[in-house]
Amino acid sequence: MSQPRQAPANHEADMFWWFTENGLSPYHALCQLVLAGDGKIETQTEIGGRTWVIKIYYSESGIAARPEDPIDGRLWELNLHADGPDEAGADYNISPRFDGMEKASDGEEANIPWCGGDGVDVHVQGSNLGLEEYQYLLAQSVQALADAVGSDFSRSYFRNIRDDSSIVTCELYVRLMREYSRKLTRSDGAFYRLMHLMNTRDNTTWAYSGNNEDGVAKRHAFEVGPSASHEMIPGNRLGKRLKCYHPKHIREEESSDDALSSPKFGVAFHKSLNDHDSVRWGDRDDLLRELEETVHNVLEWSGIPIQPDETVFVEDDHFGISESERDIAIISDPTPELEAEQELLVARTLNDLMPSSQSVLERLATDGGQPVQQVADETGYSISQIYRALAQLGDDVIENDNGLIQLQSEKLRQEIASVVDRLEEHVVNAGNRVAKLARLETRSAADSAFSKWMDKYGARFVRDDGDGDDGGVLRFDMVLSEMKSLDAPYVDDILREGREAWTSAGRDVSEFAQLRYEAPDVLHGPNSRRVGSKITW
């Protein structure tokens, strides 16, 4: 049984909902409400025991009316605003959709994302509400507007959001005491460590930005693309923004009477960080799980307790200290693994270098980037010898930018300088360090092979935090088969392949045997068994 973990709260959301079950009827019914209110309606209503102000008005869209439409020229779009207590609220832009839409300006085809057929597009933007709460709020709002003008509005409208609707922004957050938030933003904090070491990873995109004000980390953000997100947490597939931030006007002192004096830590999905790909509405649970998984793991890597605790977390109008309902996997901090890989690269480099190569490396480690000619002059080697040294060191270590040579990262420079110092001071100590780093290689390779195996078969590893003898659970998303004759992948073969990945660098095979696996079976539905009872050893 895993330990209780703090539940994050919803912050901002941006979505495009598609409704096709009732065609254009919901749109036309809203237009009739607005006409009954002379183009604009404003009312107050009680929702969830709190007072909300609801407004709706029309504006002209860019879509041309069809001959069968009740108006000429441009069709309307309807703008509904729901303002609730404590900065909770939502804006709904409601527009008609149909095949063959044309621009009102020139009659050309309107290039607007749409699933086809007649229906309604609702662009939702809001904050401090759960994703499903926006739908409830919309339904309650249109009923309040109908009541305000003495009319009716069918409760069957806006009930079924299509699964292929899209989520373009979604953020979860916790609010932290300042002393804990510093563990995220300080120079050796989680953001900095992840940024520093992601710099060594190929085919990853990331960005770190910071803004300090009056000695306080006002806003620090670390953005990762999909591949970098996977490097952090195997199985994650979405680019995200990790952000620790204060409100616009920072309070001078932290106060128990003012929640806004303590910063938020949020993790947000943005379409712009994912090659402009959105998340389907039907996949919203997977999105929320991945965001919460990132919140919990980054807190854990920072040494911040993740159990509900009023000495760690600060309640506000929307975030409460409460236990999460999700069973979130906590994985090892990836930065030591990434660091081990880079340290191993240093050890390999120093293990068997030509004298000229070692001189070049030492010069760049102690003095930073230099032109090739300057390195040659200061080391006493010829230009040709310097280039042979560069070839031996390789592109993984040295960056050559039109004759200006430097090490690939500051982390690498620091580590080389450290090991070179040890070599100069005591050869035995350096040899021991190289041996230690070499031992780290096998563990890193094993983790990499096991992660690739899990990715191949859509598995997630959930570690057992309880007192039982299970080492954890392998959860497969794909359908497997207990029978080799069926078309679905044969579970025995997959587990044997996993065993090879697990043991490829010396991991204890008995530990793999103790794992349980859970997978939907092609014939029998959900299946859960211990690995050691399924395949022979």
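How many nonpolar, polar and charged residues are in the lining of the second largest pocket? By class, that lining has eight nonpolar, five polar and four charged residues. The model is predicted, so local features need pLDDT of at least 70 and side-chain atom pairs count only at pLDDT 80 or more, while totals for chains, interfaces and linings use all residues. Residues are numbered from 1 along each chain as its sequence is written, and side-chain values use heavy atoms, with hydrogens and water left out.

**Second largest pocket**

- The second largest pocket holds about 450 Å³ of space; a pocket is an open set of points on a 1 Å grid over the protein atoms alone, where a 1.4 Å probe fits, with protein on both sides within 12 Å along at least five of seven lines.
- Of the 17 lining residues, A88, N128, L129, E133 and H318 are the closest to the centre of this pocket; lining residues have an atom within 4 Å of a point.
- Two or more lining residues come from each of β1 (9–19), β3 (50–64) and α2 (131–148), where helices (H or I, at least four residues) and strands (E, at least two) are DSSP runs numbered from the N terminus.
- Helix α2 gives the largest share of the lining, three residues.

**Helix packing around α10**

- The axes of α9 (residues 372–379) and α10 (residues 383–393) come within 9 Å and cross at roughly 105°; axes are lines fitted to C-alpha atoms over the stretch in contact, and angles run from 0 to 180 degrees between N-to-C directions.
- That angle makes α9 roughly perpendicular to α10, a term for angles of 65 to 115 degrees.
- In this contact (heavy atoms within 4.5 Å), V372, Q373, V375, A376 and T379 of α9 meet I383, I386 and Y387 of α10.
- The residues of the contact of α9 with α10 divide into six nonpolar, two polar and no charged.
- Helix α8 (residues 355–367) packs against α10 at an angle of about 80°, with their axes 8 Å apart, which makes α8 roughly perpendicular to α10.
- Here S356, S357, V360 and L361 of α8 touch Q385, I386, A389, L390, Q392 and L393 of α10.
- The contact of α8 with α10 has six nonpolar, four polar and no charged residues.

**Salt bridges**

- The whole structure contains 19 salt bridges, each a side-chain nitrogen of Lys or Arg within 4 Å of a carboxyl oxygen of Asp or Glu.
- One of them joins the side chains of R50 and D86 (3.2 Å, N to O).
- This pair links distant parts of the chain, 36 residues apart: R50 lies in strand β3, and D86 in the loop between β4 (74–83) and β5 (89–97).

Note on methods. Grid points are joined across faces, edges and corners, and a volume is the space filled by probe spheres set on the points. Ala, Val, Leu, Ile, Met, Phe, Trp, Tyr, Cys and Pro count as nonpolar, Asp, Glu, Lys and Arg as charged, and the others, Gly among them, as polar. Angles under 35 degrees count as roughly parallel, over 145 as roughly antiparallel, 65 to 115 as roughly perpendicular and the rest as oblique.
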